[in-house]
Amino acid sequence: MKLQNNTYHIQNIPVENLAKEFGTPLYVYDTEVIKEHLDRFREGFSSVDLRVKYACKALTNMSVMKFLLKQGTGLDTVSLPEIQMGLTVGFQPNDIVFTPNCVDFSEIEQAVEMGVKINIENLSNLEKFGQKYNGSVPVCIRLNPQIAAQANSEKVDWWHKQSKFGISLDQIDDIKALEKKYDLTIDGIHIHSSSVIMSPEIFISGAKAVFNIAMRFEKLAFIDFGGGIKVDVGDGNEVIDVIELGKQLDQEFSVFCEKYGRKLELWFEPGRYLVGNAGYLITTCVVRKRNGGTEFLGVDSGFNQLIRPMMYGAYHEIHNASNANGALKKYTVVGNICEIDNFAIDRMLPETKEGDIVIFKSAGAYGYSMASTYNSRFRPPEVMVEGGQARLVRRRDNYEDLVKNQILVG
Ligand SMILES: Cc1ncc(COP(=O)(O)O)c(C=O)c1O
């Protein structure tokens, strides 16, 4: 998003024009920003066979998925409908990985039928997998990333202790026993590296622990480091230098492959890194009021459309597209849900009046995909801007959408 002639533009389209054409609240995705992030993610890697699998749970709009397909990514999915969407968009089954968590084995059976790569994260499903397929269908094993906790970071250690994900490291022998019992074809090792890892050095020391474990599995084709790479949202918090991470991992992975005896693929599953900063929630300031000493700005959206500030305390930069360079004033920005619904407390923003267009940045990931119709409000439309052209890629909900599954009795 660029500031030109006192107003914000997304690929040269004034945000106010987008608001006028499509109405607010509105989600807008800028494909140039997605491409920039993807290029940066790939930049550090020069010698290894890197495969980026877009974690579409972050933003499941199929036009965005198609854009990423055109950029040569695969797909990381966590449910059968996500796989279905991926196939509809045109991803090859082999480029889709299914990484579900705590699902019934029947979902894994259906995913096998759909021909996608299977990632299993508990011993019980691995046993069932062995009983049904033996070694005829390759399987990737998701390990609990407590591996990375060996990198001596208290924060990382804390995170891993909360984690329900993956098979614990003290169960590697159980995995090996199942591998032997059913002649499993374990072709991948997966860890989701988590967003609390901020430095390439900590990441690399976790990766080396993974490589040591990988040496115990003879049939590997890839190692998958998951997602969780944080994006700079302008809150001043540290983020990992992805280019430096790429360079260091490129080297370490090559060393590992040599030791392993053959070249493996290196997979990542970024979601938020690719689409987080590419998305904007465009709203209108509809109410300005003072309560006590607080100056409130009420916008025509709420935590039903962007839950991250209320759920995670997430920071989103806020801008006024109608008065970009106005004198700064302190506001608490709130939504219209009948509960505490804060987007930002005591934020310095250009003077804002009712009718102004208010932009929330970094709303591409886990924005629309976590939206609901709570308070019986319509979910916003989504617009994708590509090649300087804004196109509607999902229309706004309407009343029929809201009630279509209800059965009125009595
Ligand atoms: C296994 C796995 N891969 C990828 C992701 C995507 O994470 P992010 O959007 O933080 O990159 C997640 C997020 O929960 C995950 O659990």
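Trainee: Before we start, how are residues numbered, and what pLDDT do local features need?
Mentor: Numbering starts from 1 along each chain, as its sequence is written. This is a predicted model, in which local features need pLDDT of at least 70 and side-chain atom pairs count only at pLDDT 80 or more, while totals for chains, interfaces and linings use all residues.

Trainee: How many helices and strands are there?
Mentor: The protein chain has 14 helices and 20 strands. These are DSSP runs numbered from the N terminus, helices being H or I of at least four residues and strands being E of at least two.

Trainee: What is the radius of gyration?
Mentor: The radius of gyration of the protein chain is 23 Å, close to the 22 Å that the globule rule gives for 410 residues, so the chain is as compact as a globular protein of that length. The radius is taken over C-alpha atoms, and the rule is 2.2 Å times the number of residues to the power 0.38. Along the principal axes, the C-alpha atoms fill a box of roughly 70 × 60 × 45 Å.

Trainee: What share of the residues is buried?
Mentor: Buried residues account for 43% of the 410. A residue is buried if 20 or more other C-beta atoms lie within 10 Å of its own, exposed if 12 or fewer, and partly exposed in between, with C-beta atoms placed from the backbone.

Trainee: Which domains does the chain have?
Mentor: There is domain 1 (2–29 + 277–403) and domain 2 (60–270). The bounds come from an automatic or database domain assignment. Taken over C-alpha atoms, the centres of the two domains are separated by 34 Å.

Trainee: And how many residues does the contact take from each?
Mentor: Domain 1 gives 13 residues and domain 2 gives nine residues. Contact here requires C-beta atoms, placed from the backbone, to lie within 7 Å. On the domain 1 side, strand 19 (382–386) and strand 20 (389–394) each supply at least two residues. Strand 19 provides the largest share, three residues. By class, that side of domain 1 has five nonpolar, four polar and four charged residues.

Trainee: How are those classes assigned?
Mentor: Ala, Val, Leu, Ile, Met, Phe, Trp, Tyr, Cys and Pro count as nonpolar; Asp, Glu, Lys and Arg count as charged; the others, Gly among them, count as polar.

Trainee: Which residues touch the most other members of the largest nonpolar core?
Mentor: They are V15, L18, V28, I141, I223, I282 and I359, in a core of 102 residues. Such a core is a set of buried Ala, Val, Leu, Ile, Met, Phe, Trp, Tyr and Cys residues joined through C-beta atoms within 7 Å. Helix 10 (residues 200–214) contributes the largest share, six residues. Each of domain 1 and domain 2 supplies at least three residues to this core.

Trainee: What is I223 in contact with?
Mentor: Leaving aside neighbours within four places in sequence, I223 contacts G188, I189, V210, A214, L264, L266 and W267.

Trainee: Changing topic, which peptide bond is cis?
Mentor: The bond from T24 to P25 is cis, with omega near -5 degrees. P25 sits in the loop between helix 1 (15–22) and strand 4 (26–30).

Trainee: What about N12: is it buried or exposed?
Mentor: N12 is exposed because 9 other C-beta atoms lie within 10 Å. N12 has a positive phi of about 65 degrees although it is not a glycine, and its place is in the loop between strand 2 (7–10) and strand 3 (13–14).

Trainee: And where is D183?
Mentor: D183 is in the loop between helix 9 (172–182) and strand 10 (186–190). D183 has a positive phi of about 55 degrees, and it is exposed, with 10 other C-beta atoms within 10 Å.

Trainee: Lastly, where is R40 found?
Mentor: R40 lies in helix 2 (residues 31–43). R40 is partly exposed, with 15 other C-beta atoms within 10 Å. Beyond neighbours within four places in sequence, R40 is in contact with V242 and I243.

Technical notes: Two residues are in contact if their C-beta atoms, placed from the backbone, lie within 7 Å.
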